[in-house]
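This briefing covers aromatic contacts in a predicted model. It starts with charges over rings, then turns to ring pairs and to the annotated domain.

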Amino acid sequence: MLRQVVVVGAGVAGTRAAESLRQEGYDGALTIVGAERHAPYHRPPLSKKLLSGKVHRAGIDLAPQFELDARVLRGVTALKLDLASRTIHLRDAEQDFSVQFDGLVIASGAAPRPWPSGPVPDGVLLLRTVDDCLAIRKRLGSRTRVVVVGGGFIGAEVAATCRSIGLDVVLIEKADSPLVAALGKELAPRWAELHRDHGVDVRLGVSVDGFLGNGRVEAVRLTDGSRVPADLVVVGLGVTPATDWLDGSGLRVDDGVVCDATGAAEGGTDVVAAGDVARWWHPLYERHLRIEHWDHAGRQGAAAARTLLAGPDAAEAYDEVPYFWSDQYDVKVQMLGVPTSYDALKIVEGDPDAWEFVAAYGRDGRTIAVLGTVPHRVHAYRDAIAKRAEFPPKRPD
């Protein structure tokens, strides 16, 4: 019987875990530890509507589902986990202290990768938190020249947002296309075209060699020898799971907290993990996956809470098909499933030239993922993915 549960992380995974604990009947002590001082909020708008000013700060807060009856510690960082004594060592602005637990949800998320070559001048910023977003937005004047380094989802969305409000934007990506790691080599070039069609200067196959400016960034020097004027640089080089505080804990950490299919952390008892920090075994894909997407984090947080309450003998595997979306200009890309290691791709509906299409990814003759730009259409293929249907999948009615 659990009587003291601690949730480390106050993002969507931690919040949904805490809510699910109460919804499932847990009535013991509940402590939520959050590194930020803000109440939980939606992250997707940070690179889109909040950045552009289309929504206000208060508009991204997560609406509480009900009164959690929890001790909430904001602005508090987890320093160390001691499984032997069932203790978490913490730090706030004034002191170090500790909390005890008999059940633990690890939802500490991930941190953006810093610029790898040391200090950067003023005006070179990262985007992960609401404070990061507001700091970037504050610098967006009517004539701001923006350089975005990194063509993943954050970089592509920031470039689209800045261009949509009329700014000059250069997007720099060392690969042959933006989003190639997520969408694959066949479809990713379409998004390079999309950005170019909207006026973004897309530089591919090139990296940043350094930043120029006297204290404040004035230009970016590229590895091809060119220089790009810049008043603001947003760096999006991906994220690293926040696991430093777990060093020496005995938990297995390998690109995140390694978990079984129920979310139970390997190396611990009554310890689960969810969200960006967690690498779960997915029964459908028969491999460990760490998925950095909003919808998945919330669902995984709820599943982790159920696992914690059920215990190891009664916990159920979490095998839902992952889903994510990204808005860029007037195109919404939606992906159902994970196309990792796909060996075949086919357009199964529509026309990519008209930006209304559905594409299926296959591996070993089975359907593993579906991408679409027709709103919500990918969900019609859920059974094809979940049941490992023959590739290419038949078009649903």
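**Charges over rings**
- Arg57 is positioned over the face of Tyr41, 5.6 Å from the ring centre.
- Arg190 has its charged end over the ring of Trp355, at 5.1 Å from the centre of that ring.

**Aromatic pairs: Trp191 and Trp355**
- The model, which is predicted, has seven aromatic pairs.
- One of them joins Trp191 and Trp355: the ring centres are 4.9 Å apart and the planes stand at 85 degrees, over the cut-off of 60, so the pair counts as edge-to-face.
- This pair connects distant parts of the chain, 164 residues apart. Trp191 belongs to helix α6 (residues 188-197), while Trp355 is in the loop between β24 (344-351) and β25 (356-363).
- Trp191 has a relative accessible area of 0% and is buried.
- Trp355 has 17% relative accessibility, and it counts as buried because the limit is under 20%.
- Ring pairs also bring in Phe357, which forms a cluster with Trp191 and Trp355.

**Aromatic pairs: Trp280 and Tyr318**
- The ring centres of Trp280 and Tyr318 are 5.4 Å apart with planes at 80 degrees, so this pair is edge-to-face.
- Trp280 is in strand β20 (residues 278-282) and Tyr318 in the loop between α7 (294-310) and β22 (323-328), so the contact ties together parts 38 residues apart in sequence.
- Both Trp280 and Tyr318 are buried.

**Annotated domain**
- An unreviewed UniProt entry annotates residues 4-301 as "domain: FAD/NAD(P)-binding".
- Residues 4-301 are 20% helix and 30% strand, and the end C-alpha atoms of the span lie 18 Å apart.

Terms used
Residues numbered from 1 in each chain as written. Predicted model: local features only at pLDDT ≥ 70, side-chain atom pairs only at ≥ 80, totals over all residues. Heavy atoms only, no water. UniProt positions renumbered as here; feature names shortened; annotations may be inferred. Helix = DSSP H or I, 4+ residues; strand = E, 2+ residues; numbered from the N terminus. Phe/Tyr/Trp six-rings, centres within 6.5 Å; stacked < 30°, edge-to-face > 60°. Buried < 20%, exposed > 50% of the residue type's maximum accessible area, 1.4 Å probe, protein only. Lys NZ or Arg CZ within 6 Å of the ring centre and 35° of its normal.
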